[in-house]
Each structure stands twice: as C-alpha cells, then as structure tokens.
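Please read the following report alongside the sequence and the coordinates.

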Amino acid sequence: ESQTCQKRRRMTSGNHCKSSWDASVSMYATGKYSSRGPALIPRMKTKHRIYYITLFSVVLLGLIATGMFQFWPHSIESAADWSLDKRSVHDAPLVRLPVSSPIPERGDLGCRMHTCFDVYRCGYNPKNRIKVYIYPLQKFVDELGVPISSTGLSREYNDLLSAISDSDFYTDDVTRACLFIPSIDVLNQNSLRIRETAQALAMLPRWDKGMNHLLFNMLPGGPPDYNTALDVPRDRALLAGGGFSTWTYRQGYDVSIPVYSPLSADVELPERQPGPRRYFILSSQTAIHREYRAELERLKEENGEALLLLDKCSNLSQGAAAARKRCYKGQVYDYPQILQESSFCVVLRGARLGQAALSDVLQAGCVPVILADSYILPFSEVLDWKRASVVIPEEKLSEMYTILKSIPHRQVEEMQRQARWFWEAYFSSMKAIGVTTLQIINDRIYPYAARTYEQWNNPPVVKWSSVNSPLFLPLIPPRAPGFTAVVLTYDRVESLFRVITEISKVPSLAKLLVVWNNQNKSPPEESLWPKIGVPLKVVRTKENKLSNRFFPYDEIETEAVLAIDDDIIMLTSDELQFGYEVWREFPDRLVGYPGRLHLWDHEMGKWKYESEWTNEVSMVLTGAAFYHKYFNYLYTYKMPGDIKNWVDAHMNCEDIAMNFLVANITGKAPIKVTPRKKFKCPECTAIDGLSLDQTHMVERSECINKFASVFGTMPLKVVEHRADPVLYKDDFPEKLKSFPNIGSL
Amino acid sequence: MQAKKRYLTLFSAGACLILLFCFGGIQVPLSRRGPSRRDDHSLTGYHPGARWRRFPGSLQPFSSWEHDQSDDHNEHISPRQKRDANSGVYTGKRCRMDSCFDFSLCARNGFKVYVYPQQKGEKMSESYQNILSSIEGSRFYTPDPGQACLFVLSLDTLDRDQLSPQYVHNLKAKIQSLPLWNGGRNHIIFNLYSGTWPDYTEDLGFDIGLAMLAKASISTENFRPKFDVSIPLFSKDHPRTGGERGYLKHNTIPPFRKYMLVFKGKRYLTGIGSDTRNALYHVHNSDDVVLLTTCKHGKDWQKHKDARCDKDNTEYDKYDYREMLYNSTFCLVPRGRRLGSFRFLEALQAACVPVMLSNGWELPFSEIIDWNTAAVIGDERLLLQIPSTVRSIHQDQILSLRQQTQFLWEAYFNSVEKIVLTTLEIIQDRVLQHTSRSNLMWNSLPGGLFTLPQYSTYLGEFPFYYAKLGIKPYPKFTAIIHVVTPLVSQSQPVMKLLVAVAKSQHCAQVIVLWNCDKPLPAKHRWPPTSVPVIVIEGESKLISSRFLPYDTIPTDAVLSLDEDTVLSTTEVDFAFTVWQSFPDRIVGYPARSHFWDSNKERWGYTSKWTNDYSMVLTGAAIYHKYYHYLYTTYLPASLKTMVDQMSNCEDILMNFLVSSVSKLPPIKVTQKKQYKETMMGQSSRASRWADPDHFAQRQTCMNKFASWFGTMPLVHSQMRLDPVLFKDQVSILRKKYRDIERL
C-alpha cells in the first residue's frame, strides 16, 4: 500500500495524495542494510583485526619500498638527463655523406595511400591510432664536412618533434611504428642543400623508398620560380607542406599545413568579441607585388577610410623590431595588434602561396580574405574554410570591396569567431600543427574512426550549444508495427490488470510488457492474467529500481514505446491511439499527456518545478508517454553523471531525467497531447495533503537543479502548444471524427 | 577459522615474496645496465629506440623576417603573367579550373549550360537522353550558346567500351568537327563505362582536350581534383526524375540486422579486378557474414574455372540477393571490373551501410560528400580485418551511418536528374567560388540542391541549421499582405487585418504588396501602426510576386496574408511562437488535403473538413523567408507561369515545395472562427472560392506539380497545435491566448 501511494504520488505530482511516504523509504533502507554491509565489522575478532593491520602495514611498506625503487632508477636516468641537458645539437653524431651516395627519386605525383603507403605497418589496433617514430638526431655533412643545412635543427622543428614525442602517437619502438619522421629539418628549403639533403634522407635506416615517411616543410621552393612543393627528391615520402598548389598537392596523400608564424608564440592577442571593427579591410603584408599593391591603392581611393593599407616602415632599421611595425604615410602601427581593428584582412600570395600572415590574421580574429589562386588551404582536407574565410580569385581583387560588403553581418561575426578558433586549435603552435597533421593521416588509415566534421570545425561555443539529433532523418514510421506498452508494476495486481485491459483496446498496441519490480513476490499465475489480443510478456527485475522502466528490453521489438504506470486507467483508447499517431510524426520526441514546466526562481536563484496548469510546457510526465526505444538505450547506458543512481536512490524524478536526456540530445521540446492535465488517483483524492505536496515539489525542484548541474546547462525547451486532433472541439459531427473520445482534464 | 588463518598466512607470505621479487627484479637489471649506459653516454639519445627529447638551448628559427623580405620583395614575375603561363603548362591530365576553364564565359550571364542540338541519325542511349533532358529542364539551361558557360555534347559518350552495342564510333572526328568545341574548353563529358576487357583502362578512346569529365568509376590517379566530377554508376532503369525513396522506415534499436555483412556478385576468372572478390571466401562464415561469389559469367566461364567454383556456385544459389540486402547491417561493395559497381547505389538505397573495398576509387561526388558519415571505407589490402572492423563500429554510429545513407540517396542519387543537377551545382560552386556551399550545406539535411548559396552563404539565414549552430531564428516576423482590390473604405477587411497584425508583439514590419490595377492609395489612407508599413507596387501584378524574396524583409519569418483574411492578434502571436519551434515548415490556419483517386488514377484535392491535412493555405501562414527565394529561383518557369495565368494554386505549389524540402507535413494551428470556406470568403475572393472551376483548377494543379516533382512530396498530418490550455475548463484568466477561444 505504501509503495502504491508513494508511486502514485509521483505520478499525480501536484495532486492530492497522502500516505506514508517516509515509511516506505525507511522500509527500503532497512531492507538494504540488513543484507549487506553493517554486519561485517562487528563480526571481526580482535585477533584478526591485529592481523589485518599488520598485513596492511606490510603491504603499505612494500608499496613504499617499491615506489622508492621505481623512483630510484628514474632519478638515475634523470641525472643522466640532466647531464644530457647540457647536450646540444652539436653533440649529435656526425654522418658523412659520400658523393656517390644514392639520391631518392623525385616525389611521384601519382602517389596515393593505397599505392605508396604500406598500411600493413599500421596494423589493426583497438585504439585506432597510428604509431609514429622519430629518428634520432644526426648531423649530416658532405665529404668536405660542410653540413647539408645552414640552420641545422631549427627551433620550430625541435618544438614540433618534441610535441609529437609527447603525444599519444609516439613510439620509440621502431619495429612497431607505422609512420617515420626524420629528424632532418626541411621546414625551410632555402636553408637546405637539396641534393645532399636528399642523400641524407636516403641514408635513413628505414627509408625504404620513403615508404611511410613524413616530411614537414613550410617554405618550399626558391627563387626564381618558387616551386609550390619541396624540391628535395623524396621518393614516396608523404609531404606535410605549407604552400601547395593544386598541381603539386597529392590529394588524400599529402597534407597541406600552415606556415607557422613566430608571432604566435611571441605576441598574445586577447580574443575579441565578434562584431564590427574600425576598419573594414586591412592589408598588412609587406611583400606584395607592385601590381597588386597598385590595385589595392585603387580600392583605397574608391572606398577611403574603410580600407587601411599598410606597408613596412621605411624609416625603421631592419630586424626583429621591424617585423612588429607597419606604416601608412608615416604613421606607425603595431603589428599584429592592428589586425584586431579590422573586420577583414587581406592575405595575398607572395612569391609563395602559403603566407605566415594567415596565422597572424586568424590569431587576431580577423576574417582572412585569401587571394592566392590554386592554393590548397591549410588542413583543407578537414577544415571547412568557407566558414572562416573568403576566398577570392586574384583576378577579382578589384571587386573585393563589393564582394565583402555583400556578406551579412551575422556571417562576418561567425567567421571572426571561427577564424580565431582555427588559430587556437590548429595554427597556434608547432605542436598544434604537428598533432593535427598526424590526426589527419590517422583518420585516413582508420576512416571509420575518423573525427567528424563537427569535431574538426565547431568551436567550443558551438559544440556546447548545438545539437545533432541521433534520430535526424525526417521519417514518419508506418503505423503498422504499432507500439509496445511497458508497464512498471510492484504489487498492485488489480490495478495492473485494469490497465492491461484498458490498453489492450488501443488498435495499434503490438505487445504488452509488464516489468515486475517486486523481488519478494512472484507475479500472478498465467491463467489469472487478463486475456488480450496481443502478446503479453512479464519480465522480473533483480532490484526494485525505477530505472528498470527505461531499460531497453529485447522484448521491445517496436520503435515506439509507451511507458505507462500500473495505475493509469483514465486514458481513453482514442487518447492513447492519438498519442501514438502524434509520436509517429515526432519520433524523436517524448510525446506525453500531462505537461510540466521548469521555472527560474529569481528569489532563490535556482530552478523550480511547476505543476500548476500553466500556458507553457517543458516536460511531459512519463506515467504515460510515447517515445523511441533509442531513448531507453540512452537512459540506461549514456545518462550523464550519477543521475541514474540519484533517481534510483530517491525513487523519484525518473521522468524529469528522461525529459532532460531527450531535450539535451535532440534540442527539442516534448509534445504534450490532448487536454489531460493530471493522472487522477482515485483512491487518494479523499485525503488532501498540502504539506506532502510541498515536500514533493521541493524534491522535484531539487532534481531539476541537480540534473541541470550535471548536464552543465538547462536543456529543457519551453513551448506554448499542445497537439490535438485536427477536428478537436470543432463544430463537426463527432462520429465523423477519428478521435472523438479524446478525454478530459 | 583455522583454514582461514592458514590462507591468510599463505597470502601474506605470497605478498612478501612478490615484494622481494620486485626489489630484486629492479636491482638486477639496474646493476647490469648501469655501466653499459655510462659507456655509450655520448650517444645516449641518438641510438635507434631512444626516446626523442627536446633539445635545450636556443636554436635558430626556421625563417627570419629579413630573409623573407629579400626573398619576396617584388622579385617574382608579374602574377598576371604567371597565371597566364599556368594555362599553357597545365593541360591534359593536369587540367584544373585555373588553367583549363574560361571563367569569363560565366561572368556575363551567370552559370548557364548549353546542350548541343541533337543530330539526326545519331543513336543515343536512354540514359544519355535522360541526362540531356534533365539539363534542359533545369534552371541552368540556355538554348543560346553565346550565353553559355558550360557546354554539353549531344553525342552519347556514356559507354566507351568498344565491345558494347552502345559504343559510338568515330567520336573523335565527330567532336573535332563541332564548331563550338574550342579544344574542349568549358565542356563537360559524361561517361559511365570506359575501357574494355581485359584491362579496362579509363581511356575514352578520343581526345577530350580541355573538357571536364563527369565519370563513373574514376580512379584517384586519373581524377583531376576540383576539375572532374566523380559520378555514381547508374543503370539504364534509373528513373529520370522523382526517384524512389530510401527503404529505411524504422530506426530500430539495437540497429543490428540479421546479417552483419553481405555480398553477392560475380567473380572474374580472367582479367583485372578479381583479386579481392576471389579472396572473399576467406571471410565468409555463412552465418552473419555472407559473401557469395559465382564464377558464372560470360559464355566460356567453364574453360577457366578453378577449384572453388563449384562450391562457390552452390553456396551462391542458396541466398536471395534482395533478402540479404534488406536484412544486413553492412553491405560489401568490392570493385568489379571497374572501380565502381552497381552494388554501391543498391546498398545506399537499402540503408545497408556500404563497406567500400575498391582501392583508388574516387567516390561519387567526393568533392562535396563526406563519405565517412555514410560508408565504411575499407582497404582491399586489409580484407581479412573487415569483419572485425565492422564489428567494432558502435551502434550509435551505425544508426547515424544508416540514416545518412538515406539522406544522401534521396538528396543526390535517386534519379538521373539529381545526379546531373548535383554535378552542375558542384561546377557552379567552383565557378562562383565565394558564393558556394559549405561542407555542412552539402552533408546535412536537406542537402545542397535545396540550399542555394546565392541566397546567402551564411548558414544562419537558412531555416535548416539553427540547431546545428546552436542559434535561434530572429524572434520577429514580417507580414506581407497581398492586395488585389482597390481601397474604398476604412472598414475594409484588409484594414482590420493590417491593424491586427501590426499589433502583434512579434511583428517587425508590414509589407503591403499592391497587386491591384488601380493606382496606389495615398499614404495617409493606411491606418496608423506602431510598426513600419511598406507599400510595394507589384510590377507584374502576377500572383507569384507575393513569393518574391524582397530585400525589404528584415526578418527570418514571413507571415503571408491574403487581403480578405480575418485574423486576430492573438492568433498571429500564437502561430508565430509555434513557428519558432518548426522554422523549416509552413505554419498556417486553414488546411487542405490530398488523396489518391484510384478510380481516376490521379491525385485528388479536397477542401472538406477531414481528420488529416497535407497543406495549409498561404493566405494566412508563417514560413521562413528562404522559401520565397526557393519558390522564385528553384521552381521552373513552366509551373510559375501556370500559376500566374490562373491566378490560382500558388499556395499548393508552395506546399509542394516546402514538403519536398522538409519531407514533413505543414503545421496547422488553432484558428478562432470557422466559416464554411474557413476564413476566406467575405469579399471579392468569395466568388473565387465558390467557383467550381477554381476547384477543378486546383485539382489539375496538383497533378501537374506532382509530375514535375516526379513524386508526391506532400505528407499527411493528423494533429493541430493548440495553446496548452485551449478550451480547457479552467479560468479564462489563466489563459494566455484567450481571444482564440472567444467567438
């Protein structure tokens, strides 16, 4: 009886139902503790306790000792490290390249992952992650002792390799590696001796025609024709290059990377709120071809103040400081800070296609206007540049102003945010560049575990607020398979049987599943159950938990589930059938009868549960509600935090939890159908319990606050509509209506 | 107790032993390793297998600013010259848009496509006929080659297999003689089959010059990125327009079907493309992985048959292909003779997630479709891993892959027309560059063919992406009142309507579209309102002009109104709050329905009160402004002219359009009063609605529209959305939308 009313109270919520709620809770409490924990400790005798303590201390001592010994060798090693830290790149072993040393072939433009990459080396692994090996540093010199590179290991390449070695991709086991990264720095082709560098590559122990080798290059080509890919012959090696053109880029094989800007590390530009800026277009590059500069000047003449056209400062001495200044007619501006003052920033091709200015522009949250025909944008394999930049053909430079003016403000703001996010995630450091490159290659090797478009492109703000409904296809499932009614019951057999008899009248009922939540009592014999026209199954649960009602039982073979309490007998057959029809039109939502609302309590500064009959709805009670079986699966296995346990412990709020879950993943409000406002509880109406009502409300409010904090947001959506049959209350013969008996409040 | 004690002693002894071992185990190697480490100290960190560690100290940066300066500064040749030089160098296999395409042809008239006139005596396959007629029926078509940006041959190039009966001979000479050929510049050539037995090369047997290829089964080696288009292989029975829907009806949970992975097809005993199919039996387990091959193909297969043939053939005959297709979670799509096979589209339609085993195949429309969201891309070299790979795919992902197959199938593949339009749209995106679709537009509902970037490149201005971007539509609407009768009195319905609508808290602006023959009334004759009223004089006075995408609409939502509509402020307010939850649908008041009239074998239209509806009248409806743009640009002139001539059916057409985009029914909301012919019917139009011709016209319209769409896009709904407390037995004071209930 107590169980009955406690449950019923939950259903009727705002209604009048008083019973020994506290008693029922304590009953559970004792039941729980008598079978478990409390008995253990007193039974232990003193002798044993001493023994346990001794054992415990021995184990503890042992652990400490092991810890020390574990630590000791490390300290030896770190001592060695310390001495090694004095090591410098000059200590790297010297390798002399014979003149006749073989030179690899030029890169094959036909190379693709399936022809030039040995996938067997990567193997099948449950983590779907490639293993990357980095060759130890060696210093290559020719026979005369002249090094192959004027800079040797550069700061950036050192950073890049260190970042990779700290990443999850790294392995120091050369035999397990799937990708090899030479420690020969080829970031800048200008500092290289092409032929000797190629010979050095070919001397790497695992070179094997460059198979599975990855080279990083940011500044390819050299005067006068500036090739768009590294000129070093490299056999089949993959190239992560900054500045590919469509003719040198081997799509799906090479990776287009940004040209790293040293300002990324040196200058901190705080993120600015998206919005209009002082200037509309800004050009800050210093090495712009005179033809293009002339065109920019012309644009400036036409549009005046909206454009700011900067060049390098002629009066300043060359050097690092000069890199941080730009001038216009004698006026000096700080670079890159000035970039933050403009909505759009021009990134024109120079001799090379890839420009470090792109990185500065993104960092400033300025929308890049990219004019570099045939340029393969950095990481364009995964990044959607249309959302962060404007690409204009060089020929249309003169139309730039008109083109940019036609872009809606809201889009400019989104692009500003997106630009900044691209910089933060993929441009800001050599680490970001390196790890992104590896991730792209990883995604090619394990495409079924690849990162999604959203993961790559959505900035955190959007990731938080956007939703991708798991049931996104606009499907209206056919009526025919019907729905499965799941009745959660404890021991109210009589009421249960009435519910079963009532529901069995609903035309689209396909199956009835009774979840018998009472472990102490068996369900009635088969012969005693009402005879109905559809299959009836009883499942017995192991524990009396509320979450059992939302378990995705194999017995549920239909998509549609009707969750119904064992005392909901007031719903008419038309009402239920109509609910099912509405669910078919909204299979990704909860479709229920009485609606409830959450409100923000300004006085208390927290959420409040509202069961008054309001004009708004944000939840429906699951005492009787249709929903997709997918949400059962979600409730059981994907409920965030400890919500499930909380619900089971409080024996309450499972419906609120379900509403949160569905709204959070679909971003949609539930659908309340028909005028029904409450589930009447006939036996309870006599007693009016205001105080109990309030504790109930308090508890439900608590649930909302708890769930909102676990979800980290308030996912519920408020709507002001409910669904009725088309001809509801219309002046039309009742017998011609599909759902004449739609029930009352 | 005794026994317990003994166990405890044993346990602790064991623990001690383990500890001792740990001590020893660490000490021993240490003592051994110690000296050796010191020995090669100078090389520590350099020998293979050592962890890469960061080198301390300051190193040189990889590039210096001054260096770049001197490098770049105006030394390089004029960029314009460089561009011109490219077009000379990069031709043939290295063609790209920049070098082989003349953008200037498109600058004048936009993206227009010309189809060569068909020559008499030229045979043409049905498929190619379908391609050409799809282009001719599209909004890109121009009959004037002078206006064209893209040219399509009327010579059938689909089948270039010399052994095929469809093969067109002497193509080379025929093409060279075309006066507009221009070396193939700005031409697109469609091809499904190339090469022949035994090696099936991708050569077409004639020089395509600078033309683009829209080709099936194209390999990544031959594919010229952002120049060619990879199209799917489709059969000659592929419908020209409309197209079948996907087979997915239910999102069952758990999503696993009877079979995990299936394949049924030929394997070739000679010639290329047989390696993978020959090895399939290794993976076949005749339980949930059923991969069947038959050796029977061609006339003399028995001459070449191998040891497995008989066994394979018997197993092959045991299973029904259709049954397997519908009941499998994954479908293997291994390469055949050519890289692409029919299996691909079949699997896609059947919602059987394709598992691609065709190394080097540039997947159909790979430029725009993110195939990882709808298929599993396997590697032929890793055939044996395929079962464990597909088994490792999580059920949530299967659910999503499966739905995506259906979306892609219906958006881009289910008819020849869709395939052709997608091809053209891809090229248009390249030509217009900065007004092109983002990846999201192509890969999420409703797909690229319905999202026109010429309207806006900003996702937030379309009705489809609010949830994906985590944003909401603009919280106000613009009312457009379509006026056809002159203003005679201040008590005219249109006056009342204007006042009522302008009073709505959500109303941003009212636009009066003056489609009346009489001159515009003076400004002061319009009632005073708190929101701006803009009067636009319709130029054409045609009914379609009510759906023009006027620049003066500042909001996302449009409330479309007839002049004689009777609406209260409350009704408008409520409908607008409903629309905010369904921004991609039409939300309106009076509803209509369609049905299949099996006697007359055509669609029927009914305005009777029924228990369901599939249209709402746009004489009073709220919908997204974007549908104005779609109506004006997406629909063919033929349908719009028909509507304009009759001055009727514009609302039906709008419902067709919106439902074909959203695949969902419109939404009917509560209305206050209900006359016989709903709210319409007081003044001039009363006659129009009562006119039986008017009704017959609408019937005709329905069928005309359905035939253009190739299918019936309308969907029925059985519900109406009312305010939460609508007609409930509670105090009227509680209710927010009281007026709706008052008569």
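The paragraphs below take up salt bridges within each chain and then turn to the interface.

## Basis of the report

The structure is a predicted model, and every value given here is computed from it. Over all chains, the structure holds 62 salt bridges, of which a few are described individually below.

## Salt bridges within chain A

In chain A, A:Glu196 and A:Arg193 form a salt bridge in which the closest N and O atoms are 3.5 Å apart. A:Glu196 has a relative accessible area of 15% and is buried, whereas A:Arg193, with a relative accessible area of 27%, is partly exposed.

A second pair in this chain is A:Glu610 and A:Lys608, whose side chains meet in a salt bridge at 3.6 Å, N to O. A:Glu610 counts as buried because its relative accessibility is 11%, where the cut-off for buried is under 20%; A:Lys608 is partly exposed, with a relative accessible area of 32%.

## A buried pair in chain B

In chain B, the side chains of B:Asp161 and B:Arg338 meet in a salt bridge at 3.3 Å, N to O. B:Asp161 lies in the loop between strand 3 (159-160) and helix 7 (171-176) of chain B, and B:Arg338 lies in the loop between strand 10 (328-334) and helix 12 (343-349) of chain B, so the pair ties together parts that are 177 residues apart in sequence. Both B:Asp161 and B:Arg338 are buried.

## The interface of chain B and chain A

Contact between the chains involves 148 residues of chain B and 167 residues of chain A. The two chains bury about 14200 Å² between them, with 55% of that area on carbon and sulfur atoms.

Ten salt bridges are found across the interface of chain B and chain A, and B:Arg54 forms a salt bridge with A:Asp159, with the closest N and O atoms 2.2 Å apart. The interface also has 55 residue pairs in polar contact, both residues being at pLDDT 80 or more. On the side of chain B that touches chain A, helix 1 (residues 2-39) of chain B gives the most, with 14 residues. By class, that side of chain B has 55 nonpolar, 55 polar and 38 charged residues.

## Strand pairing and a charged network

Strand 25 (residues 721-725) of chain A and strand 23 (residues 719-723) of chain B run antiparallel and are joined by five bridges. Within this pairing, A:Asp724 has B:Arg720 as its bridge partner in strand 23 of chain B.

A:Asp724 also belongs to a network of salt bridges that links A:Lys677, A:Arg722, A:Asp724 and B:Asp728.

How values were computed
Residues are numbered from 1 along each chain as its sequence is written. Chains are lettered from A and ligands numbered from 1 in the order in which they are written. This is a predicted model: local features need pLDDT of at least 70, side-chain atom pairs count only at pLDDT 80 or more; totals for chains, interfaces and linings use all residues. Side-chain values use heavy atoms; hydrogens and water are left out. A salt bridge is a side-chain nitrogen of Lys or Arg within 4 Å of a carboxyl oxygen of Asp or Glu. Buried means under 20% relative accessible area, exposed over 50%, partly exposed in between (1.4 Å probe, protein chains only). Helices (H or I, at least four residues) and strands (E, at least two) are DSSP runs, numbered from the N terminus. Contact means heavy atoms within 4.5 Å. Buried area is the accessible area (1.4 Å probe) that two parts lose on being put together, summed over both. A polar contact is a pair of N or O atoms within 3.5 Å; within protein, one must be able to donate a hydrogen and the other to accept it, and residues adjacent in sequence count only if both atoms are side-chain atoms. Ala, Val, Leu, Ile, Met, Phe, Trp, Tyr, Cys and Pro count as nonpolar, Asp, Glu, Lys and Arg as charged, and the others, Gly among them, as polar. Two strands pair if DSSP finds at least two bridges between them.
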